[in-house]
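Student: I would like a close look at one part of this protein. Please keep it brisk and start from a single link.

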Amino acid sequence: MREKKISQVSCRTFSRQEELLQIQAKYLEHVEEQKLTKTQIFLKSIYDKKRKTFFGRTGMSWAKIGLFYLIFYGMLSSMVSVCMWVFFQTLDPRIPKWQLDRSLIGTNPGLGFRPMPVNNEESTLIWFKGSNKTSYLHWVDNILQFLDKYYVPSKIAKGNGQIKTCSHHDYPAIGEVCEVDVRDWEECNRDQFFNYHKNSPCIFLKLNKIYGWTPEYYDDPYNLPEEMPDTLKNHIRSINNTRELQNVWLSCHGENPADREYLGPVTYYPRAVQGFPGYYFPYLNSEGYLSPLVAVKFERPVSGIVINVECRAWAKNIIYNRGDRMGSVHFELLID
């Protein structure tokens with residue numbers, strides 16, 4: 001019993017001595033650190049020769065923490081990869097998940113035009129001088145770049161898509177897309193520089209693509225909107241075949257009375273359809289599909305004056321609002 005008590009006392013004495021030695025070592029280390037310069041303290045924080053630590057950790061400590069984070073981030077990346085894989089299984093590369101009213105685009109297609117100013121994205125001014133080749137070639141090249149895939153359809157990926165010549169009596173079947181025949185643009189062609197050299201510029205218009213959208217046509221010649229231009233009404237009433245009335249109609253005019261006077265006569269190509277034929281709709285993101293285009297030729301616009309032009313698409317389910325540029329497009333013409 002006495003020997004046991006002696007052993008306990010000696011253990012307590014030994015542990016007390018260890019504590020005192022540790023306190024003494026820390027004190028001496030603190031004294032030594034006070035003698036060090038700032039540079040020496042910084043270098044010691046990076047690598048301590050006595051403790052053999054790098055940034056405060058030994059090699060074994062760095063190995064343990066490195067292994068931990070390797071396992072942690074490995075498992076995290078695996079979980080994210082699995083979640084993304086499951087997510088992508090629910091998507092179709094050609095069919096959007098959210099369509100029409102459920103999509104951000106909505107159900108009201110807008111109009112786009114070419115050529116467009118390149119240097120200033122906010123500008124809609126087409127300004128050139130027909131007698132200056134350098135001036136008008138800038139716009140011609142802009143149009144050629146846009147029409148490249150129309151002149152050379154092989155540049156777009158067709159895959160299993162089949163291109164056919166459509167008509168109002170021969171709509172495309174599933175897997176088929178309608179051809180856009182560049183010969184229908186007649187005078188608005190690249191060989192004639194799209195008539196920019198004659199100060200009778202051609203502007204190309206397209207209807208923005210909305211997946212699954214089908215137009216509701218103005219196909220009754222005697223039930224047309226009052227605000228529709230008389231020239232367009234007369235064109236619609238000149239068509240005898242009911243099927244050939246199934247088009248998204250198009251009209252271009254000066255925004256103000258003065259602009260209409262300065263703009264002069266307008267010719268639309270293809271001539272038979274002043275707009276976008278119904279057999280191009282709905283857009284289903286089929287391989288080889290090209291949006292239909294309308295070439296609008298301004299025959300004799302007055303030179304030296306900025307002419308404000310508005311082009312509008314006509315269908316019962318295309319909402320028009322000039323202020324918000326809904327269902328229409330605006331640009332200016334200035335010919336020196």
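Student: Which cysteine does a disulfide join to Cys 188, and what is the S to S distance?

Tutor: Cys 202 is the partner, with an S to S distance of 2.0 Å. Keep in mind that this is a predicted model, where local features need pLDDT of at least 70, side-chain atom pairs count only at pLDDT 80 or more, and totals for chains, interfaces and linings use all residues. Residues are numbered from 1 along each chain as its sequence is written, and side-chain values use heavy atoms, leaving out hydrogens and water.

A disulfide is a covalent bond between the sulfur atoms of two cysteines. Here the term is given to a pair of cysteine sulfur atoms within 2.5 Å. The link of Cys 188 and Cys 202 is left-handed, with -75° about the S-S bond. Cys 188 lies in the loop between β6 and β7 (202-207), and Cys 202 is in strand β7, so the pair ties together parts that are 14 residues apart in sequence. Strands (E, at least two residues) and helices (H or I, at least four) are DSSP runs, numbered from the N terminus.

Now look at the cover around this link. Cys 188 has a relative accessible area of 0%, so it is buried. Cys 202 is buried as well, at 0%. Buried means under 20% relative accessible area, exposed means over 50%, and partly exposed lies in between (1.4 Å probe, protein chains only). Cys 83 gives a contrast: its relative accessible area is 53%, so it is exposed. Across the protein, buried residues make up 35% of the 336 residues.

Cys 202 also has a neighbour to follow. Tyr 196 touches Cys 202, and its other contacts include Ile 126, Phe 128, Tyr 136, Trp 139 and Ile 203. That list leaves out residues up to four places away in sequence. A contact means heavy atoms within 4.5 Å.

Tyr 196 takes us into the largest nonpolar core. This core has 56 residues, and Leu 147, Trp 185, Tyr 196 and Phe 204 touch the most other members. A nonpolar core is a set of buried Ala, Val, Leu, Ile, Met, Phe, Trp, Tyr and Cys residues joined through side-chain atoms within 4.5 Å. Helix α4 (residues 133-151) gives the most to this core, with 8 residues. There is also a second, separate core of 9 residues, which includes Tyr 218, Met 228, Trp 249 and Trp 314.

Back to the sulfur links. The whole structure holds 3 disulfides. Count the bonded cysteines along the chain, and the pattern is 1-2, 3-4, 5-6. One of these disulfides joins Cys 166 to Cys 178, with 2.1 Å from S to S. The torsion about its S-S bond is about -95°, so this disulfide is left-handed. Cys 166 lies in the loop between β5 (162-164) and β6 (176-178), while Cys 178 is in strand β6, so the pair ties together parts 12 residues apart in sequence. Cys 166 is buried at 11%, and Cys 178 is buried at 6%.

Another disulfide is formed by Cys 252 and Cys 311, their sulfur atoms 2.0 Å apart. This link is right-handed, with 115° about the S-S bond. It links distant parts of the chain: Cys 252 in strand β8 and Cys 311 in strand β12, 59 residues apart. Both cysteines are buried.

Two strands pair if DSSP finds at least two bridges between them. Strand β8 (residues 247-254) runs antiparallel to β10, and 3 bridges join them. In β10, Pro 277 is the bridge partner of Asn 247.

Last, step back to the whole. The protein has 6 helices and 13 strands. Among contacts between residues at least 6 apart in sequence, 72% join residues at least 24 apart.
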